[in-house]
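Please look first at the sequence and the model shown below, and keep both at hand while reading.

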Amino acid sequence: MTQASEASVNGVPPGASVDKDKRNWLVTTCVVGGAGVAATAVPFVSTFQPSEKAKAAGAAVEVDISGVKPGEKITVEWRGKPVWIVKRTPAQLAELPKIDPLLADPKSERKPDELTPEYARNENRSIKPETLVVVGICSHLGCSPSDKFQPGAQPSLPDDWAGGFLCPCHGSTFDMAGRVYKNKPAPDNLEVPPHMYLSDTRLLIGEDKKA
Amino acid sequence: MAEFKEISPDAPIAVKAMNWIDNRFPASKLYKEHMSEYYAPKNFNFWYIFGSLAMLVLVIQIVTGIFLTMNYKPDAALAFGSVEYIMRDVPWGWLIRYMHSTGASAFFVVVYLHMFRGLLYGSYRKPRELVWIFGCAIFLCLMAEAFMGYLLPWGQMSYWGAQVIVNLFAAIPFIGPDLALLIRGDYVVGDATLNRFFAFHVIAVPLVLLGLVAAHIIALHEVGSNNPDGVEIKGPNAPKDAAGHPVDGIPFHPYYTVHDIFGVSMFLMIFSAIIFFAPEFGGYFLEYNNFIPADPLKTPAHIAPVWYFTPYYSMLRAITGEMAGALGIIAIVAAVLAARKLSGIFKPAVLVIAIGAALLLGLLPSIANWIGLIAPSAGTGIAHGLDALAKPLAGVPFLGELWGMMIKGIDAKFWGVVVMGGAVIILFFLPWLDHSPVKSIRYRPDWHKYMYGIFVVNFLVLGYLGVQPPSAIGERVSQLGTLFYFGFFLLMPWWSQMGTFKPVPDRVVFHAH
């Protein structure tokens, strides 16, 4: 495009010269104005963040586990998520070390700060060997896995199934300690939430002794 | 501004009124440009009904949607009940609701067929690239509408479907978890999520959608409609009558408006039959689990998206760690082939990018796994070696994470998201992927028709697998299907030019009936 036609496009008569000073001011004004408009987006986007009410809803919950018999599971709600408390039988505990080679992270070494508190970094992923406390949310896409405690062949599971959990969404499997099997969509073990025993039968979920 | 037109004071009152308006708003001009003097090719066939039908369904969705909002409550405690209230207590509310829920599925049926028409006859080729791109953007908006609308009844499928899809965003490295939090507005899908999805579903996305529909039609009427022969009826060499109108075109109104009324009648018969006799359509239009109120503590035994999302959902599920590693190898092979044709700096650049991508895809752990299949001890040895390699930088922010990603790959679920998104985004590039010398399938080599046939069957198989619970054989089939889907598009620049093309006639093929 030639100089003359460009000028006429911008409404400047052909042959007239461009007032550089005026143009610089126009550009500056547009940039400053644009920055102002962009800054206006901040409060709008910020409203998408969790509200103060949502943040406050994360208090710890106290659970009485005296009624849970070996081989049973109870579910309690903490921060809107299901937390499972499973009393494992001695037979189930004995199976755990045997399936280590089939697991993606048998020693709970991945993301230990997020997934496994120090007191649960053991073969059973628990404080007391028989009592497992995990958040029942699959580390893949947030579904809640189903109980498949019964060992042996069954639909969607291998024939040598040792008992554990199956995620109905994408087929990830977890053992009785919430450890994920290899080559499954879920990358990590189930999260062990911070928890502590207030007494032998009372459990506090959401807080531990460190805090 | 147009010239101010004076007409005789003796003109009939209607003519004078129209003239008054036309001097102030281009009503007659718009009517002529888009209806009475919009010349469309005279050889349209059955496939050309779906554009009009999509407009019809859009109107149905907007009107029924407006009436649903009058009784619906976007509140986690009330939403499920308010939908049941509409179904049971609001006079005729059940009909409005079933029209809306069936309309959602009908929208996708019509739009998929409309898009396939474009694929068959090359309607996305020059100069219709923008028509196609606006159309793809409409498709994206529709998917957003469908996804967010499905949360509103607050049933089990609503809840867990949203939970899964929002968590997909959490798989994006670095920003993912914060992004998912920003979308949900809470740590799990909850009241805040429902409320904002409602706002997006009823106003934000529809506004964008309407704007895109307008752009789609303006662009179409600027370049003119394609036709089953792919012959330009308004091109410089196309025959025209004395008035300059294409002889192979007929005015949209009255010819195609009347023609479309027939198609609309047929469509409405089927649509009504479904609404009245099978509104749930065997659990495919309204899933049975969605008649159970949302329970954040219990995932239903089997969750699957509604049928129109399942082909993409299958592709998402197909990306396991193993498949990601295989994709890494494919990336390297493709780069080596591409590098042979490049020179200078591009040659090593392509290879470096491909190797980087392959590492992020988890090439190294996949190799360890494959070796482990043959020699278990060697496999675990390599895996331990990789762990050791990733360890030294483990605690370092950003750099440590990046290094870890190079050694161990990014989670397969992230790549699942990339593949699912890519499957839709790749459609935008179709105008530049198709290098065939002719537009229409009619003049392409016969094996191109089989190629399209396999593409359709593949898409349907992926859709079927997406409805089914996960299984080992289904996973393998969906992995092959995913490779075919992407191969179809990514290799199109090559295969679309191959074979013997038939001569394209100068004018459209038309037999009067």
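**Contact, confidence and packing**

The contact draws 25 residues from chain A and 30 residues from chain B, where two residues are in contact if their C-beta atoms, placed from the backbone, lie within 7 Å. On the side of chain A that touches chain B, the elements giving two or more residues are strand 2 (73-78) and strand 3 (81-87) of chain A; helices (H or I, at least four residues) and strands (E, at least two) are DSSP runs, numbered from the N terminus. The residues of that side of chain A divide into 10 nonpolar, 12 polar and 3 charged, with Ala, Val, Leu, Ile, Met, Phe, Trp, Tyr, Cys and Pro counted as nonpolar, Asp, Glu, Lys and Arg as charged, and the others, Gly among them, as polar.

This is a predicted model, in which local features need pLDDT of at least 70 and side-chain atom pairs count only at pLDDT 80 or more, while totals for chains, interfaces and linings use all residues. Residues are numbered from 1 along each chain as its sequence is written, and chains are lettered from A and ligands numbered from 1 in the order in which they are written. The mean pLDDT (the predictor's confidence in each residue, from 0 to 100) of chain A is 85, and 93% of its residues reach 70 or more. Within chain A, confidence is lowest in helix 1 (residues 3-9), at a mean of 50, and highest in helix 2 (residues 20-46), at 93.

Chain A also holds an open sheet of 3 strands in the order 1-9-8, with antiparallel pairing; two strands pair if DSSP finds at least two bridges between them. Its edge strands, each pairing on one side only, are strand 1 (61-64) and strand 8 (195-197) of chain A. Strand 1 of chain A is joined by 4 bridges to strand 9 (residues 202-205) of chain A, and L203(A) in strand 9 is the bridge partner of V63(A).

Elsewhere, strand 3 of chain A pairs with strand 4 of chain A in the antiparallel sense over 5 bridges, and V86(A) stands opposite L132(A) in strand 4. Of the 5 residues of strand 4 (residues 131-135) of chain A, 4 are buried, that is, with 20 or more other C-beta atoms, placed from the backbone, within 10 Å of their own.

In chain B, the contact of helix 6 (residues 129-151) with helix 7 (residues 156-169) is made by F147(B), Y150(B) and L151(B) of helix 6 and S158(B), G161(B), A162(B) and I165(B) of helix 7.

Conventions: A residue is buried if 20 or more other C-beta atoms lie within 10 Å of its own, exposed if 12 or fewer, and partly exposed in between; C-beta atoms are placed from the backbone.
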